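Please look through the short report below.

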Amino acid sequence: QPQFVESGGGLVQPGGSLTLSCAASGFDFSHYYMIWYRQAPGKEREVVAGIGNRGDVMDYRESAKGRFTISRDNAKNAMSLQMNSLKPEDTAVYFCNARSLVLTDNTNWGQGTQVIVSS
């Protein structure tokens, strides 16, 4: 059973930075396109950024471009999201998952990590 453990969230002022971490297990991490998602209160879960299995392809939602950087370490089954210049609208619970695993089972998620951007 794939498992995901997210960490690194917290309370930060607008303009601040955070680095989120994802520890994955239970599947062949190095073969999967991985995604950071987020869900704000009262809103649908949305894709923030994705990274190819070799780390050579990175995709970002428009609002994250230039501010967020996604990376992965296949040797450690880990993924990170460096977030700079944070805005109040980045406030959400952040989750990681594998794109193809979500398509086949949208019920298997970690607990997420809460990011609150507020002065």
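## The nonpolar cores

The largest nonpolar core has 28 residues. A nonpolar core is a set of buried Ala, Val, Leu, Ile, Met, Phe, Trp, Tyr and Cys residues joined through side-chain atoms within 4.5 Å; buried means under 20% relative accessible area, exposed over 50%, and partly exposed in between, with a 1.4 Å probe and protein chains only. W36, M79, L81, M83 and Y94 have the most contacts inside this core. Two or more residues each come from β3, β4 (34-39), β5 (46-51), β7 (68-73), β8, β9 and β10 (113-117). A second, separate core has six residues, among them Y33, I35, F95 and W109. In soluble globular proteins, nonpolar side chains tend to be buried together.

The model is predicted, with local features needing pLDDT of at least 70 and side-chain atom pairs counting only at pLDDT 80 or more, while totals for chains, interfaces and linings use all residues. Residues are numbered from 1 along each chain as its sequence is written, and side-chain values use heavy atoms, leaving out hydrogens and water.

## Strand β3 and L20

Strand β3 covers residues 18-25. Strands (E, at least two residues) and helices (H or I, at least four) are DSSP runs, numbered from the N terminus. Two strands pair if DSSP finds at least two bridges between them. β3 pairs in the antiparallel sense with β1 (residues 3-7) over five bridges, and E6 has C22 as its bridge partner. β3 also pairs in the antiparallel sense with β8, over six bridges; there T19 is bridged to Q82.

In a regular strand the side chains alternate between the two faces of the sheet. The covered face of β3 holds L18, L20, C22 and A24, and the uncovered one T19, S21, A23 and S25. L20 is buried, at 0% relative accessible area. Beyond its neighbours within four places in sequence, L20 is in contact (heavy atoms within 4.5 Å) with residues including W36, M79, L81, M83, Y94 and V115.

## D90 in its loop

D90 sits in the loop between β8 (78-83) and β9 (92-98). Is D90 buried or exposed? D90 is buried, with a relative accessible area of 0%.

Its side chain makes a polar contact with the side chain of R38 at 3.0 Å. A polar contact is a pair of N or O atoms within 3.5 Å; within protein, one must be able to donate a hydrogen and the other to accept it, and residues adjacent in sequence count only if both atoms are side-chain atoms. The backbone nitrogen of K87 lies 2.8 Å from a polar atom of the D90 side chain.
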